[in-house]
Each structure stands twice: as C-alpha cells, then as structure tokens.
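Hello,

Here is the structure I promised to pass on. Please open it beside this email and follow along.

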Amino acid sequence: MGLPSVMVLPLLIIVAAGVYYIYHEVMQFMSKSLVRNKVVVITDAVSGVGTECAHLFHKGGARLILCGTSWDKLESLYDSLISDADPRETFAPKLVILDFSDMDVVEDVVVEVMECYGYVDVLICNSSMKLKAPVQSVSLEVDRNIMDINYFGPSTLAKGVLPAMVSRRSGHIILVNSIQGRLAVPFRSSYAASKHAAQAFFDCLRAEVEEYGIVVSTVSHTFINVSDLPPVREHATKVNALAAFVRRQLTHGVRPSELANEIVQMVNRKRKEVVLAHPIPRVALYLRSLVPPFLFAVLAAGVKDSGLAEQM
C-alpha cells in the first residue's frame with residue numbers, strides 16, 4: 001500500500017533535512033580533523049578576523065602561534081581560547097609580539113616563530129593598515145608605513161617560513177588581502193597600492209612553490225563589517241541615481257566570522273583564490289578588464305558626489 005500523496009512532500013522535506021544535517025556534521029568533523037596538530041600562525045590575531053580564526057583553529061586542535069602588537073590583548077585572547085575549549089583536545093597557544101611597522105625586528109620575530117615548533121604548516125597573513133585620504137595629503141612616511149604593514153611585512157614573514165615548507169614539501173600560505181588588491185578605489189591610493197603589491201607577490205609565489213607541494217591562497221574581500229548596517233539617509237536634494245545605488249551597495253561588508261569560516265575552508269580544500277564581495281565590486285572587476293574607460297568615468301562621477309565619496 002503506497003503512501004498518501006499528501007505525505008510525500010513532508011517526507012521529502014524530512015529526508016532532505018536529514019541529509020543536510022549529516023552533511024553538515026561530516027564537514028564539521030572533517031574541518032577539525034584536517035587542522036588537528038597543524039602548526040598555524042595567525043598575524044594580527046587580536047583583530048576581529050584574527051580572533052575568529054583563532055577560535056576556529058583552536059577548537060579544531062591546531063597548534064596556534066598567535067602574533068599581535070599588544071601583549072595584553074594577546075593574553076586576553078589566550079585566556080578566551082583556553083576557557084572556551086576542552087584542554088584535553090586542544091593545545092595552549094604560543095604568543096609572539098609582531099609589529100610590521102618596525103621592519104628592523106621582523107627577521108628576529110621570524111626566528112622566534114620558527115623556534116616554537118621548528119616548522120609552520122599554515123601561515124595566515126592577516127595584518128593590514130587602512131587609510132582614506134586624497135593622494136596629495138598623504139606623506140611619504142605614511143606611504144612607507146602602509147607598505148611595510150601591508151606588503152613588506154607579510155612577504156618577509158612568508159619568506160621566513162618558506163625554507164622549512166620547501167624541505168618538508170608541504171605547507172599553506174594564506175594572504176587575507178582586499179578587493180582593492182584588484183580594484184583601485186579613489187581616496188585609497190596608498191592602501192590599494194600596497195594591496196596590489198601583496199597580490200602580485202603572492203601570485204608569483206604560488207607558481208614558484210607549487211612543485212614543492214606548497215599551496216598559496218589569497219582571499220579578496222570587501223571591507224570588514226563589525227557593526228550593524230547604518231540606516232539609509234534621506235536627502236532633500238536629488239542625487240545621481242547611479243551614485244545613490246552604488247552608495248547603498250557599499251554599506252554592505254563581510255562579517256569577521258564569515259571571513260574566518262572561509263579561511264578554514266580554504267585550508268581544508270586547498271583553494272587558491274576566493275573573492276568575498278557583493279555584485280558591485282565583482283562587476284567592477286570585469287569592467288576594469290573589458291571597458292576600463294566606463295569604469296573610470298563612474299569612479300570619477302562618484303568622487304564628485306559627496307555622498308558616494310564618503311562611503312568609498
């Protein structure tokens with residue numbers, strides 16, 4: 001005797017939910033098993049993204065080396081990790097002071113990092129310095145500082161852990177970059193330049209070390225959104241329709257937890273490139289390649305619109 005037709009749809013929903021639950025549990029188990037015992041270095045571990053990554057990898061049983069500029073904040077993160085996980089299944093993180101704005105000590109820090117376990121399985125370059133200002137108002141000193149933090153620091157650290165990865169013929173280097181490493185936006189000249197440089201360096205590195213079994217990944221994201229979305233302000237005067245639409249799109253961003261989960265998946269699946277962005281930046285990337293004059297005109301029009309310029 002067959003099932004009544006009225007029961008078919010609920011039964012299918014229950015089966016689908018069961019399959020999804022099993023898939024989710026299997027993926028979670030695999031995520032933990034794949035990072036267990038791995039030596040994972042996270043720079044700027046006390047940032048929103050760094051903290052989320054630290055919790056995910058720590059719960060997965062990774063041997064963490066957490067880097068940051070503030071010892072007090074690193075200790076606070078350490079306490080949070082220890083109290084939030086089973087000590088029988090996790091390792092106590094090691095803490096290292098690392099400030100890319102002082103490049104004179106970076107080589108010594110690399111030695112300290114390597115002395116923790118003798119090698120690194122996963123390096124997550126998460127440090128970043130942002131700046132919003134017109135080109136003519138940015139001093140050369142600020143330009144150099146941004147390049148140190150966003151480019152020279154990560155590239156120097158990657159070079160430092162690379163020999164051990166090559167000798168072991170395994171390793172994974174992840175650059176947490178920005179969509180502006182691919183698409184330059186007005187009033188972000190120094191930031192975009194440093195991100196373009198980092199993108200190029202790690203793209204070259206990827207090809208050079210692939211023969212040694214080393215994976216190099218980049219994740220390009222829009223701005224990190226750690227607050228609630230702001231309300232849309234009504235203007236008494238009529239504004240450019242295209243500029244208003246772009247402005248609304250720019251109020252969205254990537255949550256730290258979302259980015260951290262993507263980074264864990266990159267490690268598990270050895271993905272080499274991920275773009276986390278809403279449609280506007282994605283379309284702009286294509287326009288930059290296919291019809292650059294049109295994109296340049298849109299960006300220039302946006303600069304003239306004070307409301308859009310404020311969001312960029």
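Below is what was found in it, starting with the whole chain and then going residue by residue.

**Ground rules**

This is a predicted model, so local features need pLDDT of at least 70 and side-chain atom pairs count only at pLDDT 80 or more, while totals for chains, interfaces and linings use all residues. Residues are numbered from 1 along each chain as its sequence is written, and side-chain values use heavy atoms, with hydrogens and water left out.

**The chain as a whole**

The protein chain has 11 helices and seven strands. Both are DSSP runs numbered from the N terminus: helices are H or I with at least four residues, strands are E with at least two. Of the 312 residues in the chain, 41% are buried. Buried means under 20% relative accessible area, exposed means over 50%, and partly exposed lies in between (1.4 Å probe, protein chains only).

The chain exposes about 16,800 Å². Carbon and sulfur atoms supply 59% of that area. Accessible areas come from the Shrake-Rupley method with a 1.4 Å probe; for residues, only the protein chains shown count as cover.

Now the contacts, meaning heavy atoms within 4.5 Å. Take those in the chain with a separation of 6 or more: residues 24 or more positions apart account for 74% of them.

**Helices α4 and α5**

Helix α4 covers residues 106–117 and helix α5 covers residues 140–168. They pack at an angle of about 40 degrees, with their axes 10 Å apart. The axes are lines fitted to C-alpha atoms, for helices over the stretch in contact, and angles run from 0 to 180 degrees between N-to-C directions. The crossing of α4 past α5 is right-handed. That term applies if the near helix is turned clockwise from the far one by less than a right angle; anticlockwise makes it left-handed.

Which residues meet there? From α4 come V106, V110 and M114; from α5 come T156, L157, G160, V161 and A164. The residues of this contact divide into six nonpolar, two polar and no charged. Here Ala, Val, Leu, Ile, Met, Phe, Trp, Tyr, Cys and Pro count as nonpolar, Asp, Glu, Lys and Arg as charged, and the others, Gly among them, as polar.

**Two buried polar side chains**

S190 sits in helix α6 (residues 189–209). Its relative accessible area is 8%, so S190 counts as buried. The S190 side chain makes a polar contact with the side chain of D143, at 2.2 Å. A polar contact is a pair of N or O atoms within 3.5 Å; within protein, one must be able to donate a hydrogen and the other to accept it, and residues adjacent in sequence count only if both atoms are side-chain atoms. Leaving aside neighbours within four places in sequence, S190 touches V138, D143 and I146.

N126 is in the loop between β4 (122–125) and α5. N126 is buried too, because its relative accessible area is 8%. A polar atom of the N126 side chain lies 3.2 Å from the backbone oxygen of D44. Beyond neighbours within four places in sequence, N126 contacts T43, D44, S47, V49, G50 and V176.

N37 is in the loop between α1 (5–35) and β1 (39–42). N37 is partly exposed, at 38% relative accessibility. K270 is in the loop between α8 (256–269) and β7 (273–276). K270 is exposed, at 52%.

V215 lies in strand β6 (residues 214–221). Buried or exposed? V215 counts as buried, at 10% relative accessibility. Leaving aside neighbours within four places in sequence, V215 is in contact with G171, H172, I173, K270 and K272. V215 and S170 are 45 residues apart in sequence and 7.9 Å apart in space, C-alpha to C-alpha.

Y286 belongs to helix α9 (residues 279–290). At a relative accessible area of 60%, Y286 is exposed. Its C-alpha atom is 10.0 Å from that of L183, 103 residues away along the chain.

Best wishes
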